[in-house]
Amino acid sequence: MNERIVVVEDDESIRRLIEVALSSHGYTPIGFGSAEDALPAIESAPPALAIFDIMMDGMDGVEAVRKIRESKSIRHIPIIMLTAKDTELDKVVGLDAGADDYITKPFSVLELCARVRAQLRRISEQKSHEEIWSAGALTLNAKTREVIVAREFIELTFKEFALLHILIENQERAIEREELLAKVWGNDYYGETRTLDIHIATIRQKLRVADSQHEYIKTVRGVGYRFTAPTI
């Protein structure tokens with residue numbers, strides 16, 4: 001398992017309790033006493049999930065969650081909020097800020113771990129539905145139409161994204177030019193295949209700017225193109 005989970009709680013005794021519980025369930029907890037300390041760490045090394053206390057000195061959990069949801073590079077992280085309050089309004093505020101789940105103090109560590117498992121399972125199921133494709137430093141999210149390479153967002157046109165999506169979901173398969181043209185431009189397209197080559201060249205250049213170590217799209221002479229994941 002070993003998924004990294006960030007725990008942001010200013011009460012050290014509660015934070016330690018959560019860390020021990022997560023460790024006992026096979027996770028790797030990383031604790032912080034403030035949101036100000038946690039956010040840079042989350043940005044530099046996104047965890048599998050984050051747990052935020054809602055009531056903290058300085059930046060509270062609601063503001064921290066909003067900042068995460070506003071950041072393109074980490075807004076996908078599932079978040080569970082903790083609070084001593086148990087009113088409907090507090091729950092709504094936390095969820096509206098972008099939290100995925102909400103649990104009130106005092107809470108059972110078994111319940112908390114069950115909530116963690118549920119959120120991680122949800123993310124895993126989303127990926128299994130082939131909405132998110134990853135290869136090396138590249139991640140393509142078909143639902144949000146976003147491409148990230150080495151933590152950099154790559155701006156692609158509609159057709160560039162469609163081409164890359166087709167190639168990455170058919171990794172290591174050589175796809176004929178005619179098939180790519182039909183799927184992206186339509187079966188009634190009668191233009192030159194040079195149009196496809198220009199789009200592929202542009203995609204390559206955009207990816208190369210963020211990751212110069214790997215050529216993701218290979219030319220298959222006499223056939224078309226193939227997406228190749230990096231080998232480590």
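This report describes selected backbone, sheet and pocket features of a predicted model.

## Basis of the description

The structure is a predicted model, in which local features need pLDDT of at least 70 and side-chain atom pairs count only at pLDDT 80 or more, while totals for chains, interfaces and linings use all residues. Residues are numbered from 1 along each chain as its sequence is written, and side-chain values use heavy atoms, with hydrogens and water left out.

## Backbone features in loops

Most peptide bonds are trans, and most residues other than glycine have a negative phi. The bond from Lys105 to Pro106 is cis, with omega near -10°. Pro106 is placed in the loop between β5 (101–104) and α5 (109–128); helices (H or I, at least four residues) and strands (E, at least two) are DSSP runs, numbered from the N terminus.

Two arginines have positive phi values: near 55° for Arg145 and near 70° for Arg151. Arg145 is in the loop between β7 (138–141) and β8 (146–149), and Arg151 is in the loop between β8 and β9 (152–153). Arg145 counts as partly exposed because its relative accessibility is 40%, whereas Arg151 is exposed, at 51%. In these terms, buried means under 20% relative accessible area, exposed over 50%, and partly exposed in between (1.4 Å probe, protein chains only).

## A buried loop residue

Ile74 lies in the loop between α3 (61–70) and β4 (79–83). With a relative accessible area of 2%, Ile74 is buried. Leaving aside neighbours within four places in sequence, Ile74 is in contact (heavy atoms within 4.5 Å) with Ile42, Glu43, Pro46, Ile68 and Arg69. Ile74 and Pro46 are 28 residues apart along the chain, and their C-alpha atoms are separated by 6.5 Å.

## The three-stranded sheet

An open sheet of 3 strands runs in the order β10-β12-β11, with antiparallel pairing. Its edge strands, each pairing on one side only, are β10 (175–176) and β11 (217–220). Two strands pair if DSSP finds at least two bridges between them; β10 and β12 (residues 224–227) pair over 2 bridges. Glu176 stands opposite Gly224 in β12.

Helix α6 (residues 158–168) packs on the sheet and touches β10, β11 and β12. The direction of α6 makes about 65° with that of β12, where axes are lines fitted to C-alpha atoms, for helices over the stretch in contact, and angles run from 0 to 180 degrees between N-to-C directions.

The largest pocket has a volume of about 970 Å³. Of its 32 lining residues, the closest to the centre are Ser73, His76, Ile77, Ile132 and Asn141. On a 1 Å grid over the protein atoms alone, a pocket is an open set of points where a 1.4 Å probe fits, with protein on both sides within 12 Å along at least five of seven lines; lining residues have an atom within 4 Å of a point. Grid points are joined across faces, edges and corners, and a volume is the space filled by probe spheres set on the points. Helix α5 gives the most to this lining, with 5 residues.

The second largest pocket has a volume of about 160 Å³. Its lining includes Arg145, Glu146, Phe158 and Phe161, and β8 and α6 each supply at least two residues.
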